[in-house]
Amino acid sequence: MANTSIMIVGVGGQGTLLASRIIGNMAMTKGYDVKMSEVHGMAQRGGSVVTYVKYGDKVYSPIIPKGEADIILAFEQLEAYRWLPYLKKNGKLIMNTQKIDPMPVIIGQQNYPENIIEKIKNLNVDVIPIDALKFALQAGSVKTVNVVLIGLLAKYTDICKEDWMKAIEQTVPSKFLDVNKTAFALGYGL
Amino acid sequence: MRKLMLGNEAIARGAYEAGVTVVSSYPGTPSTEITEAIAKYSEIYSEWAPNEKVAVEVAIGASIGGARAMSAMKHVGLNVAADPLFTCSYTGVNGGLVFVVADDPGMHSSQNEQDSRHYAKAAKILMLEPSDSQEAKDFTIKAYELSEKFDTPVIIRLSTRISHSQSLVEISDRQNVPLKEYQKDFQKYVMMPAMGRKRHVIVEERMKALQRYAENCELNKIEWGDRKIGIITSGIAYQYAKEALGDVSYLKLGMVYPLPEKLITEFVSQVDKAYIIEELDPVLEEHCKKLGCNVIGKDLLPITGELSTEIIKEKILGIKAENVLKPIENIPIRPPVMCPGCPHRGVYYVLKKLKIVVSGDIGCYTLGALPPLESMDTCVCMGASVSGALGMEKARGKEFGKKLVAVIGDSTFMHSGVTGLIDIVYNKGNSTVIILDNSITGMTGHQDNPTTGFTIKGEPTKQVDLVKLSQAIGVERVQIVDPFDLEKFEKVVKEEVEAEEPSVIISQRPCALLKHVKFDGPLTINQEKCTGCKMCMRLGCPAISNKEGKIEIDMTLCNGCGLCLKVCKFSAIEKAGDLNG
Ligand SMILES: Cc1ncc(C[n+]2csc(CCOP(=O)(O)OP(=O)(O)O)c2C)c(N)n1
């Protein structure tokens, strides 16, 4: 099997790490070779963060080169736009519609680009926007935005729902398991 | 059983399986999770030391005492520990002794991009470099075997992409390694000139033995493929090369010091064209060239930053990524920021207002150098804020000293700020030192330190009293202030910089991300009262933004710390309803 490459991009503190670990655990249980590269340290303080997950028969580099991500899971609009060059032709961009202003925008040095979703669509990208925050609140916690997004992502993989659920059980601390399962189901049901 | 593990967790697992019993480290990205993971094994004594020099010395002591010992640090940590490092190369070991050092090509979280391999050569110490998590574990176990066999400390070199990438690791049981007997041996362990001279001869003999070992050890491997291209590489660069070039020939070096000679010359002679693929400095390349091998390295590949599959494809095969999708406009950068509720924000708000020169240091508070707070003038290395302030004052005189403060975090002060403060007092400086005591080592992800009152295992312990410590050094003007009490903080800073003697201001308020820190929940802006004066925006809080002239607070980011309430002159900021309903 050709390797599957998934990138998760967002703002430090949004819970991108947990999302990548769920995918990683899913791939491991399915018997694939897996590598993922995470961000720890400075960028976790509200900077632009990216994690890479690759799985398949044999994975060498943990990093995904430009133009080679099958799926980008974006937690924030500007970050989706920033990392777009990494998406494969015919790749999928799953995108939380939340916007978080970066400091240069907050202090008025730069503008937050307008109509990002449309602009991305105009580049002929298969983009799937979702207001994940709304569903996270519905599930019962703002913190489950990441798992709502994983739910939506799961629909576009050839891995069955049960395997994803197992990976969530393996990754999420047990006291938060219930809300996260609800969040996953909401994302998956979209 | 196979598990997904970070390179750092795999090093910890390796230490566990190798029967290590003592680990002392100081945190530093990208090395921190090694010691955090080790702390979870109850069979291993582990600790956060105040700095890397202390940590390495604890490990050396443990090794001489007969235990298998480890110390892990980031690349610049090895600079701090360089003194014991060079001399323990002479003493050798009793129990196996391993230092793990994590480089940061691309400077994801560091102040420089130094290449630690130079230390192996300079200190004449064996160095291994794994290329994934499995090797990180295997090489750690091997390192202990080699350390004891060759009577040498061993350095394991990692880089960010090894430390912070997860891959599959086959785990095994812990070996039972009994404590070695301790025998007094001053010829080996007391490094005075007479003994040192003899030990140096032994070190040189050891180098020769290691050199022979490098020629046919299983750590250095040839993978034959198409012989038109031969690649000599190590670490993460090997993975990039494999992905970019596929089935060519590889000499993958797991032992990067000392380097083999015959193995390299033979490999190079059997391929049409040989390339050296290594991140940062041309260490392998210079070695190959010294051997007279015709190899291509840094003439083609960059010396700065990280390598990647793309760079290798482009430079060696001439293949560029095509038709890459591109945004049609400039994307604003997103630098890291101080979190909502960060206690450091109050400090910089005041320092900026007072237009004070700030001799800075390293930690979350370094983010105060960026707009809009922009109130840090220097940042060199840990501790340099305090000593640097004295230097500035001595260079520019007393009056300049009245517009100058040093700022330093609690962990950084323990690491190497105390000695600078002693210098200020001893040499009659007048500097004002602000210790940013947020009750934790923040930047590296919440490690305890001597000022927090807890050990790495979360056990209560004695807590360094910063007031008494400063007083004991001879500072008479010492006080504790809450940085969110902006008025008082401003008043205190003004008074202390004026004072013609050293002062210490302890800015005390816990990190907003600590579990026990609770605020009242998100705030919102009452648009009827808001005049759009933008005072609140000067705080550089990521939760406050300007949406086409309307100032708004993002309820998903705001925690209700209330600092903005204090700068709003129109009482336009109020408590919001609960987001979770
Ligand atoms: C010699 C060295 N060791 C380790 C580091 C990594 N490091 C940077 S700042 C820091 C400590 C930060 O803690 P503190 O001083 O308490 O400030 P805070 O981040 O909590 O504001 C560490 C460990 C480094 N840069 N240099």
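**Salt bridges and the contact between the chains**

Modeller: In this predicted model, a network of salt bridges links Asp103(B), Asp115(B), Arg117(B), Glu129(B), Arg157(B) and Glu278(B). Over all chains, the count of salt bridges comes to 42.

Some of the pairs sit within one chain. Glu169(A) and Lys181(A) are one of them, with their closest N and O atoms 3.0 Å apart.

In Glu57(B) and Lys53(B), the closest N and O atoms are 2.6 Å apart. These two residues are four apart in helix H3 (residues 52–64) of chain B, which means a separation of about one helical turn. Glu57(B) has a relative accessible area of 32% and is partly exposed; for Lys53(B) the value is 32%, again partly exposed.

From here the account moves to the boundary between the chains. Six salt bridges cross the interface of chain B and chain A. Among them is the one between Lys313(B) and Glu68(A), whose closest N and O atoms are 3.8 Å apart. The interface also has 22 residue pairs in polar contact. On the side of chain B that touches chain A, at least two residues each come from strand S1 (2–6), strand S8 (165–170), helix H11 (235–245), helix H14 (309–317) and strand S21 (544–547). H11(B) gives the largest share of that side, five residues. By class, the side of chain B comprises 29 nonpolar, 16 polar and 14 charged residues.

In all, the contact takes 59 residues from chain B and 60 residues from chain A. The two chains bury about 5,200 Å² between them, and carbon and sulfur atoms give 61% of this area. Within chain B, the residues that lose the most area to chain A are Leu325(B), Pro332(B) and Arg334(B), which together make up 17% of what that side buries.

Strand pairing also crosses the boundary. Strand S2 (residues 33–37) of chain A runs antiparallel to S8(B), and three bridges join the two. In this pairing, Met36(A) stands opposite Gln166(B).

Gln98(A) is in the loop between strand S5 (87–96) and helix H3 (103–106) of chain A. Its side chain makes a polar contact of 3.3 Å with that of Thr556(B). Beyond its neighbours within four places in sequence, Gln98(A) touches Gln14(A), Phe75(A), Glu76(A) and Gln77(A) as well as Thr556(B). With a relative accessibility of 15%, Gln98(A) counts as buried.

Terms used
Residues numbered from 1 in each chain as written. Chains lettered and ligands numbered in written order. Predicted model: local features only at pLDDT ≥ 70, side-chain atom pairs only at ≥ 80, totals over all residues. Heavy atoms only, no water. Buried < 20%, exposed > 50% of the residue type's maximum accessible area, 1.4 Å probe, protein only. Polar contact = N/O pair within 3.5 Å; in protein donor to acceptor, adjacent residues only side chain to side chain. Contact = heavy atoms within 4.5 Å. Buried area = accessible area lost by both parts, 1.4 Å probe. Salt bridge = Lys/Arg side-chain N within 4 Å of Asp/Glu carboxyl O. Nonpolar A, V, L, I, M, F, W, Y, C, P; charged D, E, K, R; others polar. Pairing = 2+ DSSP bridges.
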